[in-house]
Amino acid sequence: MGENYSYIQEQSDIGKHAGSKARQDIDVILAQMVGDVAFSYSEHHFTSVFDKVYYVLSPHNICKFIDLSRVNNKKLFIQYPFYSNIILRKLLLRLLRHNEVCLLIHDVDSLRNFGQDNIQHEIEVFNTCKMLIVHNQRMADALKRMGVHTPMLTLDLFDYLRATTNHPARSYRYEIAFAGNLAKSTFLYHDLDKLGVNFFVYGINFDRNKIRSKSVTYYGSFTSEEIPARLEGSFGLIWDGDSIDTCSGAFGEYTRYNNPHKLSLYVSSCLPVIVWSQAAIADFVKEHDIGFCVDSLSDIHTILASMTEDDYARYLKNITALQEKVTSGYFTKRAIRNAMNLM
């Protein structure tokens, strides 16, 4: 455990999706490496005005607020964004001014065109910290251009902790898995039959009524623990937006900077990947040779047609080696260790 270091512990809900998996895994790793919990909280969704008043005036919560306000002069690891109510959020922001804080960043709203009016506030939050752990070098460069001067370390890939490494057998076929929150993956509702491949789809918010393609099969939604062992197919697709020609819209543009947790899921399932050529993770995929990049989904069939069994075997060998790292927390542990050395 890290001497003189503390962290803010999170308590997340588990549902039939992997939405909080990255934060849960980092919390587990912080418990192993840092140990000391400066404060623990869970997100509270208010159901009424009465609920909000009761929450604020509850003796238990008042004591917790006081405890949090007394956290001073510590070397702290905190996950960002702060998914909490406004009172806790203000107290968490206070920690940045009274402690040496390393933020482990999951999302940057300023880069995904959410809340443009608050960009300056987010930059100020980052610049109040001692250090940032960001997704990759492209994200670090973009934040520097926006005015962030806090030192940054890169994670390179989110980990995906698993108790086992079971996954379906892989073979070279024209079969592609796609998993995630399907509400933001409206490209699935285009005519995908013309692409000449089969899509196996997993996740929440799937609208069967909008599917136009016989090549799309929906396999349901699973917990973050279950899904790596459920993913069928030969490749995992990482794509966002409403177009099959390019990653489009706010979510699509965001892939130019972020590391989608979807990549970590596919690696944990030993599933070679297909990614947009302009995405930030394209650099990682090419460097580790775990799949291929495309400009458009229309390119997939042509690339698969020219691929050999040896090519696919190479992808599998490389991603199997990477799976061991991802499922054991290698990337997060390395980033936290580096941060400790510099704080």
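Modeller: Let's start with a pair of residues: T154 in β6 is the bridge partner of V134. Strands here are DSSP E runs of at least two residues, helices are H or I runs of at least four, and both are numbered from the N terminus. This is a predicted model, in which local features need pLDDT of at least 70 and side-chain atom pairs pLDDT 80 or more, while totals for chains, interfaces and linings use all residues. Residues are numbered from 1 along each chain as its sequence is written, and side-chain values use heavy atoms, without hydrogens or water.

β5 and β6 run parallel and are joined by 3 bridges; two strands count as paired if DSSP finds at least two bridges between them. β5 (residues 131–134) also pairs with β4 (residues 100–105), again in the parallel sense and over 3 bridges. There, M131 of β5 faces C102.

What covers the two faces of β5, and are its residues buried or exposed? M131 and I133 lie on one side, L132 and V134 on the other, and all are buried (under 20% relative accessible area with a 1.4 Å probe, protein chains only; over 50% is exposed, and in between is partly exposed). In a regular strand, side chains alternate between the two faces of the sheet.

Now let's step back to the whole sheet. Its 6 strands form an open sheet in the order β2-β1-β3-β4-β5-β6, with parallel pairing. β2 (36–42) and β6 (152–154) are the edge strands, each pairing on one side only. Ignoring direction, neighbouring strands are turned by 20 degrees against each other on average. Helix α1 (residues 21–33) packs on this sheet and touches β1 (5–11), β3 (75–80) and β4, where contact means heavy atoms within 4.5 Å. The direction of α1 makes about 145 degrees with that of β1; such angles run from 0 to 180 degrees between N-to-C directions, with axes fitted to C-alpha atoms, for helices over the stretch in contact.
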